[in-house]
Every structure is written in C-alpha cells, then in structure tokens.
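Please look over the sequence and the structure below before reading on.

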Amino acid sequence: MKALALLSGGLDSMLAARLIQEQGIEVIGVAFTSPFFGPDRARRAAEWLGIPLHVVDITEDLIPILVRPKYGYGRNMNPCIDCHALMVRKAGELMKELGASFIITGEVLGERPKSQNAAALRIVARDSGLEGYLLRPLSAKLLPPTVPEEKGWVDRERLLDIQGRSRKPQMALAEKYGLKDYPSPAGGCLLTDPGLSRRLKELLAENPVPEPRDLELLKYGRHFKSPEGAHIVVARQKEENEPLVALARPGDYLVRLKGLPGPRTLVRGAKNGADSLRLAAALTIRYSKARGLDRAAVLVEQVGRGGPRELSLERAEVADLIGRARPVGGEAAPAPTA
Ligand code: SF4
C-alpha cells in the first residue's frame, strides 16, 4: 500500500504524511513548481520524513487559472481553490504512474476561511476527479469517510479531528514527533504577495495569454511604464542583472551603464523606441552610482538585432525624464536625482 502526499513543506503537510506513515503505509511526496512557488521547503520536509519527492512543474496549467479562476482569488491574486484542485488532479496522474492507492494532503477544515472551509474541500475533491481517494488525515474524522478508510487501508480511528485557525494542535503534534524546525504558514507562495499581485493584475489586463517567462519577470526589478506604453524593468540589485538579461525576448532592449557597474534594464514594447529608451536610460542612471554625475552614458542594444548604441544624458534631463515614468503595481515613484 502506497500513498502520495502533497508536500508544500509546511507543518500541516508534514504532519499529515507522518500520520499515514505511522500506520505502516509507504508515503511518497509530490511538490509543485511555478514562477510563484518552488520545491525548496518541500525538499526539506521530504528529508525529515525520509521519503522520495517528485517535483512537477504546473506553470502551463496554472496560467488559465490565474487569468480566470472558477472560484475567484483570495486576498491577493491567489486562486487557492482552483490551484488546490489542479495540484490534486496532477497528483492523481502521478498516483497512477507510481502505483499509489490514494492521495493525502495537509488541509485542515476551517484553517483558511475561504479556501479550506467544508465547501472548498468538497470542491477540490470533486473538481480534481479524485473524490473518495483524497484523504485529509488532520481533519479526516470531521469529513465523510474516504475509500482508504472504508476499505480499511487506513484506520480512521487513528486519524484526527483538527479544525479551525488555531495551530495549537499541530504544534503539539510537532512536539510529539520532535519536529522543531518548520516554516511559518505564510511565505511559500508569491501569489499572496500584494506587490507581485498588483504587477500580475496589470500584466493580465494587457496580456491575457502570458508566457511563463512573462510571469517570471514579475519577480525581478522595479517596474515602470513609459508614456508610450513600453514596459521598463530596472534590476534592484546585482543578483537580478543576470536573470533579467536571461528573460529578454528578441525585440526587447537591454540597457546598461557605459564604463560603470550598475543595474541592467529591460525595455519591452518600445514601439518607435526613442522616447522610451531615453526614459529607460534615465531610470538606469537614477538607480546607479552615476545618478550624481553631470553627464552619464548608457549602452542600449536590441536583443537579436545588433550591437549597442550609446545614449548620453545630462543630470537635468535624467530628473526630467524619470518624472514621466509611471510605476507599475504600487512601485514607489523614483525620487528626483540626488
Ligand atoms: S497559496 Fe499559492 S500555491 Fe497555495 S493554493 Fe494558494 S495559489 Fe496555490
């Protein structure tokens, strides 16, 4: 008998898997990745549980859900009910491949008012197509019996009846299992981040069929719009330069300071170019050590279309130009050149 556990890496999913292991059932883990969440926490959880972990990229399936979630968003752009159903459906496909007999999750009845109430748990089981084979060990005694319980694969009596937002029962259980180091419930998913959610909302309003790399770009840099509608992204720190350059598409422009270290800037959708590129140059200068210079130069190249050309700006022009940049998604407007 094998069970496949959805591992977010949070405490609940670790405890759910451990409860099933305690009944002598082999547990295998699955974690999901997308531009907004990754498997790092799940890897640590799998290590603690001593189980193998399968990692599945669900970005392509997540995009239509982000654009139009059947059950709406949470407080930010997190479509949790749809996302849970997708994850369970994907786990169901893997379950068959691995010869597992049922799925377990760390969902707790009533822990999250919108996405983990009784109706939401029913929807996830139904829409994933796994109804009857989806066991929530932490709240199982409060939910209708599943096939593994009815067939006696697991002993329902040894499952739990945790509900509500208090995490005390889980903390007591963690202590019982000697589990001291586990991540806080928040922080695993960027779709719950207000700043990123505002950027995502604006992106989807403009482009309802984004590519994965468009979503990836939301995680890096400061984002601005030029008056002509070009999207300008300025790296916030050295570590963002490389990913920003890697995410550029043919036709995008890349801007960097000439002869000085500083941020890389990506410009997308500069139609006739010149005004947006001068603005991108000004922002590149503004967010670098060159911002105090009387005159600074940048190099601009269009990806896939030839070598760099130079743009040189005076300090007063930089100050004037950056006043025309519209910050995207609640980004702080740049202060005038220091
Ligand atoms: S928090 Fe993020 S990863 Fe978790 S269910 Fe919601 S949208 Fe999906």
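In which hand, left or right, does H4 pass H5 in their crossing? In this predicted model, H4 passes H5 in a right-handed crossing. Two packed helices are described by the angle between their axes and the distance between the axes. Here the axes of helix H4, residues 80-98, and helix H5, residues 118-127, come within 8 Å and cross at roughly 40°, which means that H4 is oblique to H5. On the H4 side the contact is made by Ile81, His84, Ala85 and Val88, and on the H5 side by Ala120, Ile123, Val124 and Asp127. Sorted by class, the residues in this contact of H4 with H5 comprise six nonpolar, one polar and one charged.

Proline 263 counts as buried because 24 other C-beta atoms lie within 10 Å, the cut-off for a buried residue being 20 or more. When its neighbours within four places in sequence are left aside, proline 263 is in contact with Val234, Ala235 and Asn241, and also with Thr284, Tyr287 and Ser288. Glutamate 242 is 21 residues away from proline 263 in sequence, while the C-alpha to C-alpha distance between the two is 9.9 Å.

Stepping back to the whole protein, the division is into domain 1, residues 2-189, and domain 2, residues 220-327. The centres of domain 1 and domain 2, taken over C-alpha atoms, are separated by 43 Å.

Conventions:
Residues numbered from 1 in each chain as written. Predicted model: local features only at pLDDT ≥ 70, side-chain atom pairs only at ≥ 80, totals over all residues. Axes fitted to C-alpha atoms, helices over the stretch in contact; angles between N-to-C directions. Helix = DSSP H or I, 4+ residues; strand = E, 2+ residues; numbered from the N terminus. Parallel < 35°, antiparallel > 145°, perpendicular 65-115°, else oblique. Left-handed = near helix turned anticlockwise from the far one by under 90°. Contact = placed C-beta atoms within 7 Å. Nonpolar A, V, L, I, M, F, W, Y, C, P; charged D, E, K, R; others polar. Buried ≥ 20, exposed ≤ 12 C-beta atoms within 10 Å, placed from the backbone. Domains from an automatic or database assignment.
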